[in-house]
Amino acid sequence: MQPFAYSAPTTLEEAVEILDKHGEKARPLAGGTDLLVQIRGGRFDLDTVVDIKKIPELNEISNGNDELVLGAAVPCHKLYDDPSISKSYPGLIDAATLIGSIQIQSRSGFGGNLCNSTPSADGIAPLIVHSAVANIQGKSGSRSVPVEDFCTGPGSNVLGKGEMLVSITMPNKGDKFGAAYERFIPRNEMDIAVAAVGASIMLDSNGKIAEAKIALASVGPTPIFATKASESLKGKEPNEAAFKEAASIAKSECSPIEDMRGTADQRKHLVEVLTERMLIKSLERIGG
Ligand SMILES: Cc1cc2nc3c(=O)[nH]c(=O)nc-3n(C[C@H](O)[C@H](O)[C@H](O)COP(=O)(O)OP(=O)(O)OC[C@H]3O[C@@H](n4cnc5c(N)ncnc54)[C@H](O)[C@@H]3O)c2cc1C
């Protein structure tokens, strides 16, 4: 590993100033479970690593009646340690409990997972189905981007020079909302998804589907918001026929590659199976 400076700013302004000054030669460090491995592997040639864990806004975790605010440096374990978050954001908990191991979950979080922007990231599809928004700060101000628009390619995203992710916010959709996330891996744990699906359902007062979201991982160059499959469920009874149709549409919305972990056909098949399964699980979590 080549030498680099370490800075640990305590304000957002200071962090953005350092990031802006060094451009490509500086990177934020949250849990470091991706970044340190990547620096060791020679992926980045850095002058400075900016530890963001001392900045209050990045450690915020506030679960109000209307929304959850998740600071970009909050580690996974803080989510599943809080029963009120588990109740309202079940898709997030599915991901938080399967990312790496307990050791990894005690360091790493959804902010780092999102900014690392891999197609197989386990945190991004659950964020999409929870309608999450990424809040970004740069030198010239702040902006917000829906998570489904955040990643632009494998390992790349909308963050510009000097910009950093501050927090992720998600609306609390109430008691008639359920969500779930599951991945297929050949081992029991500590593996990269061959394919993965997140889903959410919100029911109206007549028990019909008011809103549904389906998001896919590891089956395209970025995590995919399967908009056609999601829309197909709107206004329907939440039953087997509707779920099967949505699963079949989701299969057509992915574009997987073929590699040592799986063929494109196997991945498409997995998307169909997992989509139906996650829709059923989301409904069960509402109590349907
Ligand atoms: C043993 C092991 C097992 C793993 N298993 C899984 C797994 O099952 N599923 C999975 O999805 N991932 C897995 N990972 C990858 C990694 O743990 C996750 O992606 C994790 O969520 C990254 O979070 P972090 O806080 O450690 O990010 P970091 O490593 O700190 O950062 C990741 C990237 O995002 C950038 N970044 C971080 N924070 C910000 C910010 N606020 N603004 C802008 N850029 C930022 C960093 O510069 C870096 O490029 C594993 C890693 C290891 C080492």
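User: What makes alanine 125 a residue that touches others, and which residues does alanine 125 touch?

Analyst: Two residues are in contact if their C-beta atoms, placed from the backbone, lie within 7 Å. By that rule, and not counting residues up to four places away in sequence, alanine 125 touches Tyr181, Ala196, Val197, Gly198, Ala215, Leu216, Ala217 and Pro223. This is a predicted model, in which local features need pLDDT of at least 70 and side-chain atom pairs count only at pLDDT 80 or more, while totals for chains, interfaces and linings use all residues. Residues are numbered from 1 along each chain as its sequence is written.

User: What is the largest nonpolar core, and which residues have the most contacts inside it?

Analyst: A nonpolar core is a set of buried Ala, Val, Leu, Ile, Met, Phe, Trp, Tyr and Cys residues joined through C-beta atoms within 7 Å. The largest such core has 85 residues, and those with the most contacts inside it are Leu114, Ala125 and Leu216.

User: How do you know whether serine 218 is buried or exposed?

Analyst: Serine 218 has 29 C-beta neighbours inside 10 Å and therefore counts as buried. Its phi, near 70°, is again a positive value in a residue other than glycine.

User: How do you know that the span of helix 11 agrees with its number of residues?

Analyst: Helices (H or I, at least four residues) and strands (E, at least two) are DSSP runs, numbered from the N terminus. The expected span of a helix is 1.5 Å times one less than its number of residues. The 23 residues of helix 11 (residues 264-286) should therefore span 33 Å, and the end C-alpha atoms are 33 Å apart, which agrees. Helix 11 is followed by glycine 287, whose phi is positive, near 105°.

User: Why is the ligand said to lie between domain 1 and domain 2?

Analyst: Domain bounds come from an automatic or database domain assignment. Because domain 1 (5-51) and domain 2 (56-171) both give residues to the shell around the ligand, the ligand lies between them. The largest share of that shell, five residues, comes from helix 7.

Definitions and conventions: Buried ≥ 20, exposed ≤ 12 C-beta atoms within 10 Å, placed from the backbone.
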